[in-house]
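Please keep the model in view while reading.

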Amino acid sequence: MPALKNSAPEHLSDEARAWWGKLADEYGIDDEAGLLLLQTALEAFDRMRQCQAAIARDGVSIVDRFEQIKPHPLLNGERDSRSQMLAALKAMNLDLEPLRDGPGRPPGIA
């Protein structure tokens, strides 16, 4: 059975697939470009999570073959994946401003 046009790709993690559903539904993402950007963001999200798991397992520093303490090499991968995810989400131009349904002054009033 073919996947629905806006269903999450099978290769994404369960966490990323849950985010796919939330974002696609909340923002009505159903065009090809939007879905491609969403997929890109969530692939980077999965990569970031993989790096975080390895860093949590190994620690933020490692000892190299010369017995020198070095930063974990996946710290850069985590940072880069986070940046890629945020760039893809920004390219989607999502309105991330929270709704202000509660009490308070209207915007622009001092």
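Helices (H or I, at least four residues) and strands (E, at least two) are DSSP runs, numbered from the N terminus. The expected span of a helix is 1.5 Å times one less than its number of residues.

The model is predicted: local features need pLDDT of at least 70, side-chain atom pairs count only at pLDDT 80 or more, and totals for chains, interfaces and linings use all residues. Residues are numbered from 1 along each chain as its sequence is written, and side-chain values use heavy atoms, leaving out hydrogens and water.

Helix 3 (residues 74–91) has 18 residues and spans 25 Å from first to last C-alpha, close to the expected 26 Å.

His-72 lies in the loop between strand 2 (69–71) and helix 3. Some values for His-72 are tabulated here.

| Feature | Value |
|---|---|
| Relative accessible area of His-72 | 6% |
| Side-chain polar contact, His-72 to Asp-58 | 3.0 Å |

A polar contact is a pair of N or O atoms within 3.5 Å; within protein, one must be able to donate a hydrogen and the other to accept it, and residues adjacent in sequence count only if both atoms are side-chain atoms.

Conventions: Buried < 20%, exposed > 50% of the residue type's maximum accessible area, 1.4 Å probe, protein only.
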